[in-house]
Amino acid sequence: MNLSADGRLRLAARLVFVAGLGSVAGNVAAQDAAPASTVEAAPADGSAKQLGGVQVTGSRIKSVNLTSTSPVLSVDSKELDYQGTTRVEDLLNNLPQVFGDFGGNINNGSDGTSTVNLRNLGASRTLVLIDGKRVAPGTPGDPNVDLNFIPSQLIERVDVLTGGASAVYGSDAIAGVVNFIFKKDFEGFRVDYQRSGYIHENTQDTLRGYNSDAGYALPSKQKFDGGGNDVSILFGVNSGDKKGNATVYATYLQLDPVFQSARDFGNCQLSAVDDTSYACGGSGTSFPGRFRVGPAGAANPRRDLTVNVPGTPGFDPALAAGEFRLFNGATDLYNFNPLNYYQRPAERYSVGGNAHYQVNDAVDAYTQVMFSDYKTQTLAAPTGTFAGGPFDGTGSIDCGNPLLSAGQRAELCTSRGLTEDTDRQTFSIARRNVEGGGRTQDYDRYQYRIITGLRGDFLKNWSYDASIQFGSATYQAEQGGYFSLTRLSNAINITTVDGVAQCASGVAGCVPYNIFGVGTVSPEALNYLSLGSLSSGSTTEQVATGAITGSLGDYGLKSPFAENGVGVSFGGEYRRETARFSTDEASRSGDLAGAGGAATAFDLGFAVKEVFAEIKIPLIERQPFFEELSAEAGYRRSDYSSVNSTNTYKIAGEWAPTKDIRFRGGFNRAVRAPSIGDISDPTTVFLGGSSDPCAGLIDPETGVVEGGATRAQCLNDPLIAQNPGLYGAIDADPAAQYNARGGTGGLKSETAKTYTAGVVLTPTFIRNFTLSVDYFDIKVDNIIGRVGADTTLGLCYTSGLLCDRINRNPNQAGGAFGSLFGPSAGFTDDPISNQGFLLVRGIDLVSAYRIKLSQIGLSNEAGSLAFDMVATRSLKQDTQAFAELPDTRRSCNGQYGPICGTPAPLYRHKLRATYSVPVPLQDSLVSFSGAWRYLSGVNIDSGSAGGANDLDKHVSAESYIDMTASVTVSGAYTFRLGVQNVFDNNPPVIGSTALSATLGNGNTYPQVYDALGRYVFAGVTVDF
């Protein structure tokens, strides 16, 4: 069948328009922009061109130049090809303005999403847009956009705006805005495929020695893993009258997992033993188990036992197999690292498109539709009995338990004066379910976004844009490989009926859990104990907005010294967000062993009504020493149904004495309203800490416990003050996972004051050269969040603050007395609340230079060179937990650790050089590009346990070299081959006490450093 151009347009656009009709949508300063690779905002297309002006990021008002009063970095699609980007987070994390956050290299603590964190102010303070419009959050209760929703091959460019932008975009734009501009008005058919993976050499002999010393299997020296396949199809067609276009796409992404067992630096959890060496640690919840016996005392001393099993590192051949022997912390800890992911497996399908048709100058109808299905998984070590709940010492075992051998019974009972027929022994169990395999969480997210709108021109120099938007993310998480705590209690408490071991509870279906022998756990017992869980939820976002933009110059409102009149923009917006989360009884009751606490269902939402306005006043133009002098301002009023109303505003200006130099500066007042997750945080226990300064044995030389706090400091703790003998008797969790308890109430919006000032150089005597230097200062007050369990403990023991939040296990009868880990009564209160402030200051430098080699006397065939550099010097990274408590202020500039979190280098840069040369074939080109990424070194934050050893006190600077080659043939075929981290640099190795609880993974920070080694990729793009 032979279609006309209009027929092809209708065919391509039908699904896009039909899906867009009837949706509910919103426009947040739509910005459709052409490619750019320098710091300045790129020119807008579409309606902006119709008015003879351009639209810059951070404002609705069209301008006659390409500059913005706020610093804006634009990264074009070529950078994605140079990096071989398959995950959007990887592109952003290589920018100096962005700090590592949740992503595909985080396993424990991840909900499967990927987020962006500008200026280290937190992902919730970074507003993410697609084509200038909001995106629905990816997880119920979490305000953050899931970057996995965004297919990398559809990106035309990414604009990163620094500083508050709430007056233009609304809530959350405190650190800035990340705006993904998609390809539009595409004509033709394009297919792109890329294959990628990691090549790494495990040659760190010292680390391999630590594993060998612990009896752990070593990874092979040569690895190729983490393979990925990325396929995209793009099809577009213009209408016959050139007034319309429809562009549709489909993508597929698949990533293989990388296990921590595949790297010598991640194969075991490392802990510093002195200032020069680490040792492999592990979990006391081990295999074949750690059995704590006795309440302590001369007649019935407390002892840690395990089963003597052949093939385990601590097996004692002098004892009979299956009997008890003393638990040895050097050989009997469980190595949980190997089963954890360094890179989670992932699979994503996405389809969508955008279309528009300009009926006339006054009406341009447009729509955009996006859909994705993203699946990923987290994997943790096997569940077990974590010496908690009924096994934390409050429980006991019948001395007549028929599963015990005669030798075991003697060790537990008769040798301690207890009789088989009548007595019970105080007993706790910490044993891994190695027979059942690891704990899995499978995440599946269906997300879509539909926008429809009208835009156009009216009168003279006036335009409008009105749209409606509906976005939704449906979430499902399936947990597997867990034990039921209730069933564990039943299956351990065993009696004899007619000579047969049976559960004493008499519960139907109960099967005895025989963990006292070699190979004695039956499949029937595993089936009885095993318990899965299913959680689901959704988020929705509905936005309706309209804006009118124009010039008042035609009405006489114009400076006598300027050529252009006053520009204005005003409008209104309505936004409603909802979040729903539900789960089954297993999660709701907290019955899953090792799941980190109970989950609470919620169904909440809020609405906000907003009005906004902007004005830009050209004061002087085309005058001596005043090529341009202008001022601008903006205001937004937001009325929330959930919290207080907010007012945001901006004041900015720029002065260009000549075309060669431009000065700019601005002030913004920005806000972040509490999210649904903030106002619904349940009062439940979760894993929120990574250290206990008062835990561990006392070093006889220093008199200080392994946790690092002195006796005097630990006496600030209420329970230790009442029981001084606890100092030196509190167990440390070898897994470095400690409990915290949530909660919320009475939240107010955050407020931020942001200042920017800078200079842009575009010297006419150096063609195609730009340089910008910008200072930023962002202070956020009334920050919404948690103080952090580690911070709370540190403040108590160093300053005597917040000690009433520490709730150690008060049960004196068992071995968990005083602990802060395990499913027990021990936890640190860490509710969501309005706290003190965050303060960041720094300087950005962005430069670009392009030169044709013919300009220096070479031939036209010699090609061209391009240089791009982005750098950030951090001047301040301060946090103060409570405004009224100056002692809670900490500097995190150039630091990392449990308190400061992800590394915050003082200096970062990315420098790229590209050489392109034409080849003797029409529309053909060969390019070679290299990049140098640099991060300065960081020090451990003050007050962290990791500061007690020299190994973790400092992390050295890192440099990475990347290389890419590409060949374009006849303008239709482009082949690319690249390597990131050419020299296979290993990531910095960091001990467990120095890592932050969530973003630290596998003895390093894999979202900050290249953790998997040399990344190689090969791809091809074919245009038809």
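Biologist: Are Cys-796 and Cys-803 buried or exposed?

Modeller: Buried means under 20% relative accessible area, exposed over 50%, and partly exposed in between, with a 1.4 Å probe and protein chains only. Cys-796 and Cys-803 are both buried. The model is predicted, so local features need pLDDT of at least 70 and side-chain atom pairs count only at pLDDT 80 or more, while totals for chains, interfaces and linings use all residues. Residues are numbered from 1 along each chain as its sequence is written, and side-chain values use heavy atoms, with hydrogens and water left out.

Biologist: What joins Cys-796 to Cys-803?

Modeller: A disulfide is a covalent bond between the sulfur atoms of two cysteines. Here the criterion is a pair of cysteine sulfur atoms within 2.5 Å. Cys-796 and Cys-803 are joined by such a bond, with an S to S distance of 2.1 Å. Their link is right-handed, with 105° about the S-S bond.

Biologist: How many disulfides does a search of the whole structure find, and what is the pairing in sequence order?

Modeller: The search finds 6 disulfides. When the bonded cysteines of the protein chain are numbered in sequence order, the pairing reads 1-2, 3-4, 5-6, 7-8, 9-10, 11-12.

Biologist: Which hand has the link of Cys-503 and Cys-510?

Modeller: That link is left-handed, with -80° about the S-S bond. The sulfur atoms of Cys-503 and Cys-510 lie 2.0 Å apart, and both residues are buried.

Biologist: Where in the chain do Cys-399 and Cys-413 lie?

Modeller: Elements are DSSP runs numbered from the N terminus: helices are H or I of at least four residues, strands are E of at least two. A disulfide joins Cys-399 to Cys-413, with S to S 2.1 Å. This pair links distant parts of the chain, 14 residues apart: Cys-399 is in the loop between β23 (392-398) and α7 (406-412), and Cys-413 is in the loop between α7 and β24 (424-432). The link is left-handed at -90° about the S-S bond, and both cysteines are buried.

Biologist: Turning to strands, which strand pairs with β44 over 16 bridges?

Modeller: Two strands pair if DSSP finds at least two bridges between them. Strand β43 (residues 837-852) pairs with β44 (residues 864-880) in the antiparallel sense over 16 bridges. Within β44, Ser-874 stands opposite Gly-842.

Biologist: How many bridges does β44 form with β47, and how many with β45?

Modeller: With β47 (residues 907-918), β44 pairs in the antiparallel sense over 10 bridges; there Leu-865 stands opposite Tyr-915. With β45 (residues 889-891), the antiparallel pairing spans 3 bridges, and Asp-878 has Ser-891 of β45 as its bridge partner.
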